[in-house]
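Here is a short report on a single protein chain. The text moves from a loop residue to the sheets and then to the helices.

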Amino acid sequence: MLLRHLRTLARRASTTTPQKQLQLQNNRLRLKRERPASYADACTQLEQQRSRPLDEATYSVLIRNAVEAGDVEGGQEILERMTRNNVRRKRRAYAPLLAALSHNQQKDAVEALWSRMMRDEVKPDQMDLARLFVAAPSHDILQRMADDAARCGAFEINMETAKALESGKWKARYERVDTDEGVTSHGQLRRLALDADDKAALRKALLDRAEAGARPDGVRLLREFGDRWDEHVREDSEKRRREGRKQAIRVCVDGANVAWYGQNHSRGGFSHAQLDHAMSRLAKLFDEEAYEPTLFLPRKHTKRLHGHRKRLVESWSPFLIDVPRGVDDDWFWMRATLSEQSEHAFAVTNDAARDHHLAHVAPRAFRRWLRRHVLRFEFARDGDDAEALLRAKGGQRSAGQHFVLGEPPAFSTECQRVGDAWLLPLQTTHSEDWNLRSRTWLSLVP
C-alpha cells in the first residue's frame with residue numbers, strides 16, 4: 001500500500017509544478033497518516049520498483065516530507081542518494097534540511113551542508129544565510145556566508161530575514177545610516193574594493209560578451225587591447241614611483257554616452273562640442289599631476305569629419321582610443337578600469353551596462369565596480385541643484401551647459417564588519433531613489 005502510494009506521488013511529482021508536488025505530497029500523507037518509519041528505506045524501495053531513476057523533483061519532495069515527519073537523517077540519506085545517482089541538486093532539496101539542522105542547533109552539520117551547497121553551485125536564499133548564522137553565530141562564518149551570498153547577488157536583506165537573525169544569540173538592533181556619510185554607531189561603513197577574483201570575473205565576462213558579439217574577431221581585439229593597456233599601466237606606475245610622482249588617477253570617458261546625453265530631441269544628435277566641454281571640465285576637476293584621461297569613441301564618430309568636429313577630434317588625439325567598427329565600445333572602457341595595477345581608475349558614464357548582463361554573471365564584482373569605479377555626470381543649467389540631479393535615478397536630463405561630475409557612494413551597500421559589529425543593509429521599497437534604498441541597517445553584535 002505504501003509503495004503504491006509513493007509511486008503515485010512520484011508520478012504526480014514528474015508532471016506538476018514543484019509547489020503542487022509538495023502540496024499533493026503533504027496533503028496525502030496527512031490525510032492517510034501513511035508515514036514510513038524511514039524515508040530513506042522507502043526511497044530505496046521506490047527506486048527498485050521504478051523502471052527508470054527518480055528525478056530531481058521526486059527526490060526533493062521526499063526530502064521535504066522526511067524533514068516534516070521528523071526524519072532528518074532520512075532526508076540526508078536521500079540527498080546522498082541524489083548525489084550517488086548524479087541527480088542535480090537544487091535549493092529546494094537543501095532548504096528543508098538546512099532549516100531543520102539550524103533549528104536543532106547542529107552547527108557542524110549546518111556548516112557541512114552549506115559547503116555542499118556551494119560545491120553544487122546552489123544559489124542561497126537570504127533565509128539560508130539567516131539559518132546558518134542562527135545555528136553558528138561567529139564572525140568567520142558570517143563573513144564567509146556574506147561573501148558567498150554576495151557572489152550570488154544577495155546584497156540586502158528583507159524583513160523576514162532580519163527577524164530570523166534577531167532570534168539568534170547576538171544583540172540585534174536597527175539604525176538609520178546617512179547615505180552621504182555612511183557613519184553608524186559602530187563606525188564608518190567602507191566602500192569595498194574589487195579583489196583580484198572580482199576583476200578576473202569581470203574581465204572574463206567581458207570576453208564572453210565579445211565572443212557573442214557580431215564581429216568574429218571581437219574577442220581577439222578586446223584581449224589585445226587589455227594586454228596593451230595592462231602593460232601601459234604597469235610601465236607608467238613604475239615610472240611614477242621611480243620619479244617620486246603621484247600615482248595616476250585614470251579617468252576613462254565613455255565618449256558616446258557623454259556626447260549623446262540629453263540629445264534625444266528633434267534637433268539633437270551626437271555632440272562633439274558637448275563632449276569637448278566635458279573633457280575640458282574634467283581636466284579642472286582632478287589633480288593635474290595625477291590626472292590621466294582616456295577617451296573612448298566608436299570609430300564612426302572620429303572619421304570622415306569636417307570643420308570644427310575634425311579639429312576637436314584632432315585635439316583629443318593624445319588620449320583618444322577609437323574603437324573599431326562592429327565591436328561595442330563599452331567593453332573597452334570597462335576593461336580599462338579593471339587593470340590589476342590600478343585602484344584609482346574610473347569610468348565617466350551614466351550607462352549602467354545593464355544590457356551586458358554582467359550583474360547576472362558576476363553580481364558581487366559588478367556591483368562593487370559600479371559603486372566604486374563609475375562616476376555619473378550631468379549637464380546642469382544655471383540655478384540647478386547639481387547634487388540633486390546626480391542623485392536622481394537616471395538623471396533629470398536638464399540639458400544645461402555646465403558639466404558636473406558625481407562622486408562614488410561613500411560606502412558599499414553590502415554586509416560588512418565594522419569593529420566587532422556586523423551591519424546588514426535592509427531592503428526598502430518606498431523610495432524610488434537608489435541612493436535612499438538602504439538607509440536602514442541591522443547591526444549584530446556578539
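Does Arg304 count as buried or exposed? At 81% relative accessibility, Arg304 counts as exposed, because the cut-off for that class is over 50%. The model is a predicted one. Arg304 sits in the loop between S5 and H15. Its phi is near 55 degrees, a positive value in a residue other than glycine. Most residues other than glycine have a negative phi.

**Overall make-up**

The chain holds 19 helices and 13 strands. Of its 446 residues, 50% count as buried. Among contacts with a separation of 6 or more, 69% come from residues 24 or more positions apart.

**The parallel sheet**

Five strands form an open sheet in the order S6-S5-S4-S7-S8, and the pairing is parallel. Its edges are S6 (320-323) and S8 (374-375), each of which pairs on one side only. Strand S4 (residues 249-254) is joined to strand S7 (residues 345-348) by four bridges, and the two run parallel. In this pair, Val253 stands opposite Val348 in S7.

Helix H12 (residues 218-243) touches S4, strand S5 (291-298) and S6, and its direction makes about 150 degrees with that of S4. Helix H16 (residues 329-336) touches S4, S5, S6 and S7, and its direction makes about 170 degrees with that of S4.

S5 and S6 also pair in the parallel sense, over four bridges. Phe296 has Ile321 in S6 as its bridge partner. From S5 the chain passes through helix H15 (residues 307-315) to S6, and this β-α-β crossover is right-handed.

**The antiparallel sheet**

Another open sheet has four strands in the order S1-S13-S12-S11, with antiparallel pairing. Strand S1 (171-176) and strand S11 (416-418) are the edges, each pairing on one side only. Neighbouring strands here are turned by 30 degrees against each other on average, direction ignored. Six bridges link S1 to strand S13 (residues 440-445) in the antiparallel sense. Within this pairing, Arg173 stands opposite Ser443 in S13. Helix H10 (residues 159-166) lies across S1, strand S12 (421-425) and S13, and runs at about 140 degrees to S1.

**A helix pair and its surroundings**

Two packed helices are described by the angle between their axes and the distance between the axes. How do helix H6 (residues 91-103) and helix H8 (residues 126-135) cross, and at roughly what angle? Their axes come within 9 Å and cross at roughly 25 degrees. That makes H6 roughly parallel to H8, since angles under 35 degrees fall in this class. The crossing is left-handed. On the H6 side the contact is made by Arg91, Ala95, Leu98, Ala99 and Ser102, and on the H8 side by Asp128, Arg131, Leu132, Val134 and Ala135.

Val134 of H8 is buried, at 15% relative accessibility. Leaving aside neighbours within four places in sequence, Val134 is in contact with Ser102, Gln105, Ala164, Leu165, Ser167 and Gly168. The C-alpha atoms of Val134 and Lys169 are separated by 7.2 Å, although the two are 35 residues apart along the chain.

One of those contacts, Gln105, lies in the loop between H6 and H7. Gln105 has a positive phi of about 60 degrees although it is not a glycine. Its relative accessible area of 38% makes Gln105 partly exposed.

Arg116 is found in helix H7 (residues 107-119). Is Arg116 buried or exposed? Arg116 is buried, because its relative accessible area of 15% falls under the 20% cut-off. Beyond neighbours within four places in sequence, Arg116 is in contact with Leu79, Glu80, Thr83 and Tyr94.

**Accessibility of the residues discussed**

| Residue | Relative accessible area | Class |
|---|---|---|
| Arg116 | 15% | buried |
| Val134 | 15% | buried |
| Gln105 | 38% | partly exposed |
| Arg304 | 81% | exposed |

Methods
Residues are numbered from 1 along each chain as its sequence is written. This is a predicted model: local features need pLDDT of at least 70, side-chain atom pairs count only at pLDDT 80 or more; totals for chains, interfaces and linings use all residues. Side-chain values use heavy atoms; hydrogens and water are left out. Two strands pair if DSSP finds at least two bridges between them. Contact means heavy atoms within 4.5 Å. Axes are lines fitted to C-alpha atoms, for helices over the stretch in contact, and angles run from 0 to 180 degrees between N-to-C directions. Buried means under 20% relative accessible area, exposed over 50%, partly exposed in between (1.4 Å probe, protein chains only). A crossover is right-handed if, with the strands pointing away from the viewer, the path from the first strand over the helix to the second runs clockwise. Angles under 35 degrees count as roughly parallel, over 145 as roughly antiparallel, 65 to 115 as roughly perpendicular and the rest as oblique. A crossing is left-handed if the near helix is turned anticlockwise from the far one by less than a right angle, and right-handed if clockwise.
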